[in-house]
Amino acid sequence: MRKLTGIIWLCVTILSSCRTTDDGNSENWKLWYDAPAKQWVEALPLGNGRLGAMVFGDPAMERLQLNEETVWAGQPNNNGNPDALAAIPEIRKLLFEGRYHEAQDLATAKVVSNTNHGMSYQPVGDLNLSFVGHEKAENYYRELDISTAIATTRYIVDGVEYVRETFASFPDQVIVVRLTASKKGKISFTAGFDSPQKSETAVQDGDLILKGISGSQEGLEGKVKFTARARIVPEKGNLTIATAGVTVSGADAVTLFISMATNFVNYNDLSADADQRAAGYMQGVAQKDYNRIKSGHIASYQQYFNRVKINLGTTDSIRKPTDVRILEFAKANDPHLAALYFQFGRYLLISCSHPGNQPANLQGIWNDMMSPPWDSKYTTNINAEMNYWPAEVTNLPELHQPFIDMVKELAVTGAETAQLMYGARGWVLHHNTDLWRTTGPVDGAEWGMWPSGGAWFCEHLWERYLYSGDKNYLAEVYPVMKDAALFFLDYMVEEPTHRWLVLAPSNSPENTFTYTYKGKENQATNAYGITMDNQLLFELFNNLISASETLNIDPDFADTLRQTVKRLPPMHIGQHGQLQEWLFDWDNPDDKHRHVSHLYGVYPSYQISPSRTPELFDAARTSLNYRGDPATGWSMGWKVCLWARFLDGNRAYKLITEQIKLTEHAKTAYKGGGTYANMFDAHPPFQIDGNFGCTAGVAEMFMQSHDGAVHILPALPDVWHSGKISGLRARGGFLTDIEWENGTLKTVKIKSLLGGNLRIRTSTPLTSQDGNLKPASGTNPNPLFKTHEIPAPIISEKAKLNPPGVKATLEYDTPTEQGKEYVFTRL
């Protein structure tokens with residue numbers, strides 16, 4: 001009888017989470033499971049931008065693994081190498097003589113940092129809750145509701161239902177746990193802190209205290225002091241507090257508050273009082289009712305989450321645990337899981353990036369290791385940038401601000417490095433940074449000898465302007481962009497064959513080429529005139545020219561950039577019909593490298609287009625075909641974006657099925673890139689950028705606005721034959737609401753936030769309610785849709801090119817007024 005009752009209970013729990021609104025938009029934004037987490041990548045992530053927690057949900061031993069965003073190893077420092085200044089001329093000489101590996105070895109010896117290679121993001125520790133006798137729990141269920149940012153665990157022991165609710169409060173800046181039971185006096189447990197850090201526990205003002213200091217690394221002493229406080233408030237029952245832990249017995253309900261803080265003020269200031277900060281956060285919630293705290297948290301969170309709604313339909317798969325759905329996704333009909341994955345990416349960004357806080361690092365804000373993979377730093381040759389690809393398009397622009405703030409800080413620390421290492425003006429960023437905003441090259445020249453991070457970071461500054469149209473903001477970031485350009489103007493040199501201006505030394509991030517020197521084959525990564533570098537510089541310089549014209553400032557500098565752009569190498573199409581990754585035709589069609597850096601010009605940039613640059617479009621597509629589909633998780637997220645830009649929705653969807661593939665789990669032996677049971681991206685190991693890259697890619701499948709128009713349903717896959725998505729933002733200040741059926745656009749509503757011309761591109765003939773929709777001609781007059789003229793590529797005589805082969809589209813123009821909504825329907 002008990003077993004039958006349990007089955008009915010579990011079914012009611014599942015069905016109650018599968019509600020559907022009148023318009024068919026599923027409200028079930030829940031990850032749910034029928035067993036506790038046994039490993040970290042099965043635990044459920046919570047965060048409020050500053051604090052992070054991973055909830056394991058074990059009935060007998062709940063583990064809350066805790067993070068605070070500024071707990072990093074080490075202390076303020078600059079890791080630039082002064083030996084570089086004298087070595088760079090010799091390195092360039094070796095490169096221009098074709099002695100690439102020798103140049104690379106010299107760069108490792110003389111340019112790469114000789115102090116440290118960046119510091120690690122580290123955990124605070126764990127708060128463990130031990131429940132005696134709960135090992136025999138039945139009817140187990142746990143979930144993460146990403147529509148409310150609350151994790152819930154339910155189970156039954158001896159006929160009593162126990163429920164735990166956990167969330168990281170946005171307005172109150174504490175983590176909250178609520179324990180309830182279906183019968184009074186049944187809640188008893190012991191709570192205690194544990195930490196891998198050098199730390200100690202104490203009791204103060206009725207709170208359990210954990211105090212510690214971050215770890216040392218590469219000889220740099222850890223100096224981030226942190227304090228965590230746990231306050232346990234029972235309703236009835238008994239409370240016993242000791243240094244070793246807190247014991248509650250016979251309570252009706254219990255609320256736990258966890259506050260954390262550090263002495264970090266900014267990247268060069270550790271003068272704050274961690275104890276005082278943590279106590280202040282705790283005092284802020286001391287007199288608040290739990291329901292008030294919870295409702296305030298939900299309201300704060302939903303002001304972001306509710307901006308975008310998506311409905312791709314549901315099937316019976318929704319009734320299965322999330323790990324099972326991930327396991328079956330590639331072969332199942334489960335469109336809702338793709339929608340859930342998309343919204344989960346938005347959830348993660350809301351949870352780990354808020355104005356005034358640090359930007360999301362390689363693991364967002366969640367990490368349980370003292371020495372995590374790649375130190376969980378900011379890898380700036382793709383991964384840090386990818387974290388913020390969804391920010392603007394999925395209507396979370398405020399959450400872009402921590403990244404923008406970091407760019408401004410790097411412009412300061414990078415200026416020291418530029419002068420020290422290269423005798424250059426402006427600022428430089430190589431392929432990694434950390435909490436201390438270090439900017440020197442690390443990890444060896446094959447990875448670290450890449451001076452182009454500043455250009456890529458400035459792309460984010462410019463993109464934010466294109467979405468907002470805010471000229472005051474543009475004036476604020478213009479000096480940062482200009483100083484980035486000044487560095488490149490000083491660092492660039494003439495290459496010996498065509499006298500083009502190139503960056504030397506550099507690399508195409510982390511990829512290796514094979515070359516011949518004096519009849520002997522060799523391999524290296526360091527070279528000059530790298531395709532991605534050329535694309536980055538072309539973009540940065542042209543964006544600065546546009547900014548100069550928009551702000552009506554700096555005409556002489558803009559003219560310098562115009563002349564410099566003319567001397568950049570054009571893109572090359574090689575013998576295999578591919579877009580060359582390097583200045584020379586070294587590409588190997590069998591190369592399956594995770595980085596596809598030469599396709600930067602396709603996404604996130606927009607220098608390659610089927611209409612404006614058809615030959616480059618085909619060559620870039622050929623390069624991506626050569627690379628293949630399976631890869632690391634983040635690489636597949638990038639490929640979703642790229643195939644969406646190639647207007648191939650079915651291929652983009654195939655990449656989604658590769659990415660949403662259960663990885664390193666008891667139910668599968670698969671070890672490649674994909675998705676963990678808790679929906680974290682698997683490189684493997686965990687890297688959060690894959691989540692964000694795929695979320696951005698899904699948005700690109702529904703709407704694009706980079707190529708002179710707002711393109712509606714540019715890459716819709718056949719499997720999503722009917723659906724609706726609202727709230728996506730387009731460049732130019734437009735909000736979209738798109739509905740389609742049977743693979744064809746039905747209605748699109750567009751709200752103009754700025755006014756100005758709206759150009760719509762679609763494969764479906766449209767009409768408008770106001771009759772002002774006209775066929776478009778010429779260049780879009782809206783300056784926020786300006787595209788740059790791309791130099792003709794140099795094409796190998798051996799190359800065989802194909803036409804773009806994309807679906808024909810129609811373009812319409814309509815004038816808009818600020819604040820008004822416009823409705824267009826298919827003819």
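A: The second largest cavity has a volume of about 120 Å³, a volume being the space filled by probe spheres set on grid points that are joined across faces, edges and corners. A cavity here is a set of points, on a 1 Å grid over the protein atoms alone, where a 1.4 Å probe fits but cannot get out, and lining residues have an atom within 4 Å of a point. The model is predicted: local features need pLDDT of at least 70 and side-chain atom pairs count only at pLDDT 80 or more, whereas totals for chains, interfaces and linings use all residues. Residues are numbered from 1 along each chain as its sequence is written, and side-chain values use heavy atoms, with hydrogens and water left out.

Lining the second largest cavity are 14 residues, and Leu466, Tyr606, Leu784, Phe785 and Lys786 lie nearest its centre. At least two lining residues come from each of α12 and α14 (531–551); helices are DSSP runs (H or I, at least four residues) numbered from the N terminus. The lining comprises 6 nonpolar, 6 polar and 2 charged residues, where Ala, Val, Leu, Ile, Met, Phe, Trp, Tyr, Cys and Pro count as nonpolar, Asp, Glu, Lys and Arg as charged, and the others, Gly among them, as polar.

The largest cavity has a volume of about 170 Å³. Its lining holds 14 residues, with Trp389, Glu459, Glu463, Tyr603 and Arg731 closest to the centre. Helices α9 (389–393) and α12 (453–468) are the elements that give two or more residues to this lining, and α12 supplies the largest share, 4 residues. By class, the lining of the largest cavity divides into 6 nonpolar, 2 polar and 6 charged residues.

How values were computed:
1 Å grid on protein atoms, 1.4 Å probe; cavity = no way out; pocket = protein on both sides within 12 Å on 5 of 7 lines; lining within 4 Å.
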